[in-house]
Amino acid sequence: MGRRVLITGLDTFWGGRMAQALENDPGVEMIMGMGTREPKVPLERTEFVRADQTYSILNRIVRATQVDTIVHTFLETNSVQVSSRLLHEINVIGTLNLLAAAGAPGTPVRQVVVKSSTHIYGSSEKDPAWFREGTRRNASVRTQLERSLIEVEALVRDFADDNPHVVVTVLRFANVLGSDIVTPISFDLRRRLLPCIAGYDPLVQFVEEDDVVRSLEHVTRLRIPGIFNVAGAGKLPWSEVASIGGAHLLPLPPFNTRAFARPLTRVGLIQFPAEIDSLVRYGRGVDTTRLIESGFTYRYSSAGAVESFARANNLRRAVGAHEPGYRYEQDVEQFFRHSPAVVRGIDG
Amino acid sequence: MGRVTADPPKTSKAPSRRARAIEADVVTEDPGASSPRTTRTASASRSPAAAPEVLADDRTGGGPDDDDPTGRAPADADRPTGSTRSTGSPRSTRTPEQPAPTPGASPPGRGTNGAAPSTLPVAVTRPDEVPADDPRRSDVDEWGRSEHMRSIVRRLYDPMYKHWFRVEWEGLEKIPMSGGALLVANHAGAIPSDAPAIMHGIEEELGRPVYGMADYFFRTIPLVGTMWSRAGGVPAHPDNAYRLLHEQQQLALVFPEGTKGPSKTYADRYRLRRFGRGGFVEIAMRAGVPVIPLAVVGAEESMPILFRLNGLAKVIGVPYFPVTANSLLMGPLGTLVYFPVKIKIRVLDPIHFDVDEGLDRYSKSRIMDEAERIRGQLQDALHDMLRERRSVWFG
């Protein structure tokens, strides 16, 4: 019997792309996705349920669909997009409910994959050049995002302890760049105005969005347990990010940075969330040895991810934002998936 | 995993960058040795063996010979060597795509000045290895060190080194040309003048980079922190030290006294402070590298502290706020200008620890014993050098 996979956050970049990747896998029998909005990518056979992550719904879904794998991508790591209260609801409460449903007695869940972020390591002057998965965090926890990620990983750890028969995988992604995903840094690079802090030029890492999806797929397909850092090889100075990305550096004063940045973010000139503030001071590097030793190969280095993004950006600038070629229509999708009128299995 | 090394360099900077990218377990077939040896070479700009060539290249600003790999003059031959050996490994056989002979792979070549082994590298991809076609635009490495910036700093600092401090080395041959080693020195002067002198001296004389490990406090200062990092400074974190020494086989310089060294007043000159908690010994044991003590005389008098303003230091958040003789004599300029003292550096015998490397913990008593022993040796060497010194200014 093939695998039955539940993906949370199907409406996000992460969930949508992951569902697409799994659809091509003949070993996956059923994919079902949850999301608060409609998916943005065309999906062949993924079932979509518009639902938020309340416990009772999750519990019913897990029971009813008999999923054996849960890919939890609905974790917000962009604090610009949501309020800090919603961030807490999505990340902590959502994960809590999901893991409670997955750990209910008698569920067939055998693997849980959770998407986390390297923001969990923080960024401080006391940091080592490379964080390994077990390295202790030095920075004090100042932002809601970091606080929620730490809580989420604590929940996942408890879940792994309580359910030794379940393969639990946590991927900690570095800053993602790509043509599809919108992050504060990609927003700034698109605007060609990259905020920096005067006098600091830290070393940072990036991961390309294709590598993001491939790594999620890699650990899901091979059922690899553990915590893994995911980031492109090498580190590059923030100033070089601007130069490869074709952006100008916008120096902010090293003191009272947030106060100076606030009017600029308010008018929408730049995005500069709190978790980026410390990052562009001290940078961050994560050691990805563990994931590579598990058999994963990256397509992009950190600098390569920036360059790939810059190219996509150039194209975008030349031909305009590409039209969403796909719009999810509930009735149409239902028809194609379930109507006896549709002859299935002809052209895949 | 084989590295494609055939494509021609894209820019004039490509060779050194390409070489830099080769940071891998390299299996080389050494003509001198009968069996293939597995060694680890760090990036060329950091690689001990590669450093002579790379430094020579970068010092001439990329050099005209970058595009003419075969016609390279053995620049090493006319390099100032001072009291050191010459590092005459001919480079005419090397193409820019070929990685430099790896540190351990050419022991017969070392000193024999014979034909450099034409290494056939079989690079194994390491996680942090950057692909050859990486679109990097600067040569800032993973530690934040930039060989380009370093060469500028060297050019600016050289007159200071040669004519102001007139730095003199003793026993420089005890510092290995390849392989990791932890350099341990005494630390002095309100703004310590010993660290740049040691780093500059070794890079100039031995042609291999030195990473100066210092308090992370540096990183918090805008501009200073960045410059310090580009010039080869690394925050003193055990993980950083282990990676530099063990995985990359580099030279790392630490001052076990920490800020207690430079913050001491002139009345306490040449009295070594406590050597931290002996962490440097533990790191050397774990990394399996020797500790090489360096006794520095002169830095102490280059910017002597008369007294400290502890209250002010607390208010502005710095480890110590010194009032130096320099600033009393020269006013604000005194924070920049050192007294023209003669700096002498003596390299003591390397200390190898006969322990298994790679352990998480080592015997605390052993660590403290060794740390005390090294401290004693350094103190004795300092006294010995001071006994011989006739003048602060002329040595």
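In H11(A), the run of buried residues takes in Ser302(A), Ala303(A), Gly304(A), Ala305(A), Val306(A), Glu307(A), Ser308(A) and Phe309(A). The model is a predicted one, and the predictor scores the complex with an ipTM of 0.86 and a pTM of 0.78. As for what the helix packs on, the buried residues of H11(A) sit against strand S7 (175-177), helix H5 (184-190), strand S10 (206-208), S12 and H7 of chain A. Its length works out as well: the 18 residues of H11(A), at 1.5 Å a residue, should span 26 Å, and the end C-alpha atoms are 26 Å apart, so the two agree. Just past the helix, Gly320(A) has a positive phi of about 85 degrees.

H11 also turns up at the contact with the partner chain. That contact draws 30 residues from chain A and 25 residues from chain B. On the chain A side, at least two residues each come from strand S12 (236-237), helix H7 (238-245), helix H10 (289-293) and helix H11 (302-319). Sorted by class, the side of chain A that touches chain B holds 14 nonpolar, nine polar and seven charged residues.

Stepping back to the whole of chain A, the fold has twelve helices and 13 strands. With a radius of gyration of 20 Å, close to the 20 Å that the globule rule gives for 348 residues, chain A is as compact as a globular protein of that length. Its C-alpha atoms fill a box of roughly 65 × 50 × 40 Å along the principal axes. Some 48% of the 348 residues count as buried. Among contacts in chain A with a separation of 6 or more, 81% link residues 24 or more positions apart.

Leu216(A) belongs to helix H6 (residues 209-222) of chain A and is buried, because 25 other C-beta atoms lie within 10 Å, where 20 or more are needed. Leaving out residues up to four places away in sequence, Leu216(A) touches Met18(A), Val71(A), Val113(A) and Leu171(A). Met18(A) is 198 residues away along the chain, yet the C-alpha atoms of the pair are separated by 7.2 Å.

Chain B calls for some care. Its average pLDDT is 74, with 66% of the residues at 70 or above. Over residues 1-125 of chain B, pLDDT stays under 50, although the model has 214 contacts beyond four places in sequence for them. Where pLDDT is low, predicted coordinates should not be read in detail.

Technical notes. Residues are numbered from 1 along each chain as its sequence is written. Chains are lettered from A and ligands numbered from 1 in the order in which they are written. This is a predicted model: local features need pLDDT of at least 70, side-chain atom pairs count only at pLDDT 80 or more; totals for chains, interfaces and linings use all residues. Two residues are in contact if their C-beta atoms, placed from the backbone, lie within 7 Å. Helices (H or I, at least four residues) and strands (E, at least two) are DSSP runs, numbered from the N terminus. Ala, Val, Leu, Ile, Met, Phe, Trp, Tyr, Cys and Pro count as nonpolar, Asp, Glu, Lys and Arg as charged, and the others, Gly among them, as polar. The radius of gyration is taken over C-alpha atoms; the globule rule is 2.2 Å times the number of residues to the power 0.38. A residue is buried if 20 or more other C-beta atoms lie within 10 Å of its own, exposed if 12 or fewer, and partly exposed in between; C-beta atoms are placed from the backbone. pLDDT is the predictor's confidence in each residue, from 0 to 100. The expected span of a helix is 1.5 Å times one less than its number of residues.
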